[in-house]
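User: I would like a close look at one part of this model, the charged pairs. Please keep to what can be read from the coordinates.
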Amino acid sequence: FSEIWRKYGPAVQLIAAICTVVISCLIQTDGVRSPYGDQAQVYGAAMYFNSGLFVQLSPGGYLDMYPQQLGYILMLQTLFRITGASSFHLVQILNCIFTGIAVFGTCLFANTLTEDALSQFFCTVFLFFSLPLYLFPSLVYGDIPSLAFSMFFLYHIAMALKHGKKRDFVLSLINICFAVLLKKNALILLIAAGMILFVKILSEKKYKYFLFLICLCILPLLSVSAVEKYYEKASGYTFTGGIPALAWIAMGTIEQNAPGWFNNYAAPLYNENHYDPAATSAEALEKLEERITYFLENPVYGMSFWKRKICTQWNDPFYHSDELLPLDEGEALSGITAYLLAHKASVRILLSLGQNIVYLGMILYLVYRQNQKKLYLLIPELCILGGFLFSLLWEANSRFIIVYYMASLPLSLMGWRMSLRNIHIAASAPRHGCS
């Protein structure tokens, strides 16, 4: 099998990525799924900005509160200008293409982490059957484009650490800049890579790694700043930073409909404080202290809250993509969408089984791996750890977890292979009977 996979494996992985695009497109053409909520705000802003209307950047406007969306809006503006169209269907089809790119990037990442043919093969299989990836393209938001750039960042940074080629350093920088512009959560991957680079600098003392670490820390943030300056110049409005991080952290400690999930705490607080980030932070800090005190005084509830906050994110096999499955009201159900809605409970069970296999494989990997001297193998571990800590602190949403699931796949399947190999060795070892 190893020889066959070495010869045809890359082609199989490319075909799997192309099939992902095709199947995603089939689901998107089942019916109309109009953008709503934040999606509608972002999609509408791109059209308004192309018409020279920047009202959403005014104090208290949507993008004054959420300036992190500007990178994705710039991408949409560029797309609409190039194509001459502004249909959200076009954005959803583009998301299908980005989904295929994300799948192929994850395959390349797996190929870099391990040369084991079966691990690479089953990583491709698991990606192909990851249903959430087929549903996410409905989301007119920066998640899927950022996911594609994130997975190629992980691939190129792993290659750079493994082989030290300048080409991979440069390509990893380009990819992380786009990933961060489109979704700030990608900073977690950047921090993980930065930590590994710092260790490599201490161990090898090569100036090129030091130079790369500086670029890795500065360029993505400069990219974000450049986009904000562009819109400040185009609109005449000045950014104050939007809703501060403490407001989102405080929201993550409140239980309304679900533990730590979105409860509309941050935006009204920002408005009540007259769009002043400092005043908003001060009040959010008071709320955070109040909630922490409450958890300490009620430890049973506190433990329950944090357990449920973790489980509702990391144990959701759909990663919140099932919320994107229904069509607009009045649309006739057909095709794949009709089947998935009719068998959603059964699909959830199958997805949960696959998710548990991946999580158990990660545990097996951590059990069987020896002292880790290959630093590039630490990348997914640190990414998952960073993502876990982020999911504890921030507003909860299982949609944020998909990138860590994909990053964990190669190590999980390596864990299963290590486990099976150890079982085989133990089973084939000579047994000595008692005399």
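With which residue does Asp-322 form a salt bridge, and how far apart are the closest N and O atoms?

Analyst: This is a predicted model. In it, Asp-322 forms a salt bridge with Lys-344, and the closest N and O atoms are 3.3 Å apart. The two residues lie 22 positions from each other and link distant parts of the chain. Asp-322 sits in the loop between helix H15 (299-314) and helix H16 (335-342), while Lys-344 belongs to helix H17 (residues 344-368). Asp-322 counts as buried because its relative accessibility is 9%, under the 20% cut-off. Lys-344, with a relative accessible area of 29%, is partly exposed.

The pair is part of a network of salt bridges that links Asp-316, Asp-322, Lys-344 and Arg-348. The structure holds 14 salt bridges.

Two others can be set beside this pair. Lys-183 forms a salt bridge with Asp-143, with the closest N and O atoms 3.5 Å apart. This pair also links distant parts of the chain, 40 residues apart: Lys-183 is in the loop between helix H9 (166-182) and helix H10 (187-204), and Asp-143 is in helix H8. Lys-183 is buried at 16% relative accessible area, and Asp-143 is buried at 13%.

Arg-167 and Asp-168 meet through their side chains in a salt bridge at 3.6 Å, N to O. Here Arg-167 is exposed, with a relative accessible area of 55%, whereas Asp-168 is buried at 2%.

Conventions
Residues are numbered from 1 along each chain as its sequence is written. This is a predicted model: local features need pLDDT of at least 70, side-chain atom pairs count only at pLDDT 80 or more; totals for chains, interfaces and linings use all residues. Side-chain values use heavy atoms; hydrogens and water are left out. A salt bridge is a side-chain nitrogen of Lys or Arg within 4 Å of a carboxyl oxygen of Asp or Glu. Helices (H or I, at least four residues) and strands (E, at least two) are DSSP runs, numbered from the N terminus. Buried means under 20% relative accessible area, exposed over 50%, partly exposed in between (1.4 Å probe, protein chains only).
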